[in-house]
Amino acid sequence: MIKALFFDIDGTLVSFETHKIPVSTIEALTAAKAKGIQIFISTGRPGTIINNLSVLQDRGLIDGYITMNGGYCFVDKEVIYKSTIPTADIEVLMNYCTSKNIPCIVVGEHDICVCHPNELVKKIFHDFLKVDVIPARTPEEALQIGEIFQMTPFITEEEEREILPSIPNCEIGRWFPAFVDITAKGNTKQKGIDEIICHFGIRLEETMAFGDGGNDISMLRYAGIGIAMGNAKDDVKAAADYVTTGVDDNGIANAMRHFKIID
């Protein structure tokens, strides 16, 4: 019996086309919640830029959050897990981005900024993902925000392969072609599921996860049932137990009906 549902945000709950949560998804989550099933967010976004879930939050549908790809998890105002990037790796990554003038978003516990911003940052985060303007800071200023939980450099796959050996204490997840999210080693959405189910006393086989991006692969493989959205790439679909229709084609509601989570 499924007792917990885990949802990625962008491309899963929220459409990349409309930037909204489909009505069918809202209705499906409301029905699941009415049956006593708990609902959790599992996202690469830090809490400071989760700005597209109010339709669920206002209904009291969300029981907890896995953010920064598992690096920071909280329930209500209680932080149940957090893990920072080691200082040495932060410095290597920042120096790499500075040497190539690569934009890099830096995320602290309650703060966020971007170093070396360019038009691509604006185009993707502000125009496409509808995130409020992220303040620009120098690398020196960015390193003063306190503990750093996630860094998001705008690097290619080739640059990712180049830098990876130099940051051995980090995990890299890519859910958008233009950038990667970097967290401390061991912080994945799979780790986030472990923290949530331990907190609530839920068994792994009682979980179901939904996702569409490369950073969702670990949780789709790990959850009791992993659901890939129809709009996901082939490697994400291959990691799932079931492939539903796309986010804009009632994908979440269709999968929940298929597995008889809702009527």
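Helix α7 (residues 189-200) has 12 residues and spans 17 Å from its first C-alpha to its last, close to the 16 Å expected at 1.5 Å a residue, where the expected span is 1.5 Å times one less than the number of residues. Helices here are DSSP runs of H or I with at least four residues, and strands are E runs with at least two, numbered from the N terminus. The model is predicted, and local features need pLDDT of at least 70 and side-chain atom pairs pLDDT 80 or more, while totals for chains, interfaces and linings use all residues. Residues are numbered from 1 along each chain as its sequence is written, and side-chain values use heavy atoms, with hydrogens and water left out.

Within α7, Lys-189, Gly-192, Ile-193, Glu-195, Ile-196 and Ile-197 are buried, that is, under 20% relative accessible area with a 1.4 Å probe and protein chains only, whereas exposed means over 50% and partly exposed lies in between. The helix is followed by Gly-201, whose phi is positive, near 70°.

The largest nonpolar core holds 73 residues, of which Leu-5, Leu-53, Val-106, Phe-125 and Met-256 touch the most other members; such a core is a set of buried Ala, Val, Leu, Ile, Met, Phe, Trp, Tyr and Cys residues joined through side-chain atoms within 4.5 Å. Apart from this core lies another, of 22 residues, with Ile-80, Ile-193, Ile-196 and Ile-202 among them. Leaving aside neighbours within four places in sequence, Phe-125 is in contact (heavy atoms within 4.5 Å) with Ile-49, Ile-105, Lys-130, Val-131, Ile-134, Phe-154 and Phe-179.

A search of the whole structure finds 15 aromatic pairs. Rings of Phe, Tyr and Trp (its six-membered ring) pair if their centres lie within 6.5 Å, and planes under 30 degrees apart count as stacked, over 60 as edge-to-face and the rest as tilted. Two stacked pairs are tabulated here.

| Pair | Centre to centre | Angle between planes |
|---|---|---|
| Phe-7 and Phe-210 | 4.7 Å | 20° |
| Phe-176 and Phe-179 | 5.5 Å | 10° |

Strand β6 (residues 104-107) runs antiparallel to β8 and is joined to β8 by 4 bridges, with Gln-150 in β8 as the bridge partner of Val-107.

Key
Two strands pair if DSSP finds at least two bridges between them.
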